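Hi,

Here is the structure I promised to pass on. Have a look at it first, and then read my notes below.

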Amino acid sequence: MNIEQCLKKISADDCAESFRTVYNHYYNRLFQQALYYLNNNPDCAQEVVSDVFAALWQSRKVLGNVADPDAYVFIALKHAAARYVEKNFREKHELLTENLPDICTAGDRSDTGLIDAELQEKYREALRRLPPRCAEVFRLVREERKTYSEVADMLGISPKTVDNQMNKAVKLLYAQLKDNLFMIFFW
């Protein structure tokens, strides 16, 4: 069974055996690429590759629509590595990034830019559908990287209200974007 068939079987039947086949097919290559991105740190690379496979399984219902599995998983890895580096910078850990590719480089497949633009538009449209206060809180926390306390002070509300608004936003966005969840996760 080829990888495309495995992805269709995973998508249609939640087939764990096909998922194992995909895992075995990609793990070593993804791990080697993650090592390159993450300055030869095997612990970080393993964590990022595990995140990619976890996200693949969580979003398995859309895998049957993947036209180019190699591009799909390696773009997912690139985005996962970028998110990992960003997270570690925020937590004041040192992680060298000279090997991490720019997410918007021309080295991507030509359709990647179109996919990113389409996902960005879907994301913006989903944000526009949120209630105004909910959208404002979500943008401040997720896009401007403010803490809940900072947002609460800025808007004159309690941190618990910020938490409630974030939970509401995430639930509403998930409902609107669930078909694109895997790609958005690594965007």
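Phe-31 counts as buried, at 17% relative accessibility; buried means under 20% relative accessible area, exposed over 50%, and partly exposed in between, with a 1.4 Å probe and protein chains only. Tyr-27 is buried as well, with a relative accessible area of 17%. For the helix labels, helices (H or I, at least four residues) and strands (E, at least two) are DSSP runs, numbered from the N terminus.

Before going on, a word on where the numbers come from. This is a predicted model, in which local features need pLDDT of at least 70 and side-chain atom pairs count only at pLDDT 80 or more, while totals for chains, interfaces and linings use all residues. Residues are numbered from 1 along each chain as its sequence is written, and side-chain values use heavy atoms, with hydrogens and water left out.

Now the rings. The structure holds eight aromatic pairs. Rings of Phe, Tyr and Trp (its six-membered ring) pair if their centres lie within 6.5 Å; planes under 30 degrees apart count as stacked, over 60 as edge-to-face and the rest as tilted. Tyr-27 and Phe-31 make a stacked pair, because their ring centres are 5.9 Å apart and their planes are at 10°. Tyr-27 and Phe-31 also belong to a cluster linked by ring pairs, together with Phe-19, Tyr-23, Phe-53 and Trp-57. Over the face of Trp-57 you will find Arg-60, at 4.2 Å from the ring centre. (A charge sits over a ring if NZ of Lys or CZ of Arg is within 6 Å of the ring centre and within 35 degrees of the ring normal.)

One more residue of helix α2 to click on is Tyr-26. Tyr-26 counts as buried, at 1% relative accessibility.

What does the chain look like overall? The secondary structure comes to nine helices and zero strands. Of the 187 residues, 41% count as buried.

The largest nonpolar core has 32 residues, and those with the most contacts inside it are Leu-30, Leu-38, Val-49, Phe-53, Leu-56 and Leu-77. Here a nonpolar core is a set of buried Ala, Val, Leu, Ile, Met, Phe, Trp, Tyr and Cys residues joined through side-chain atoms within 4.5 Å. Two or more residues of this core come from each of α1 (3-13), α2, α3 (42-58) and α4 (69-90). Helix α2 gives the largest share, nine residues. As background, nonpolar side chains tend to be buried together in soluble globular proteins.

Next, follow the chain to helix α8 (residues 159-177). This helix has 19 residues and reaches 26 Å from its first C-alpha to its last, close to the 27 Å expected at 1.5 Å a residue.

What about disulfides? A search of the whole structure finds zero, where a disulfide is a pair of cysteine sulfur atoms within 2.5 Å. For Cys-6, the closest cysteine sulfur is in Cys-15, 7.6 Å away, which is too far for a bond. Cys-6 is buried, with a relative accessible area of 1%.

Asn-39, in the loop between α2 and α3, has a positive phi of about 55° although it is not a glycine. Arg-145 is in the loop between α6 (132-143) and α7 (148-155), and its phi is near 60°, again positive in a residue other than glycine. Asn-39 counts as partly exposed at 31% relative accessibility, and Arg-145 is partly exposed with a relative accessible area of 43%.

Cheers

Notes: The expected span of a helix is 1.5 Å times one less than its number of residues.
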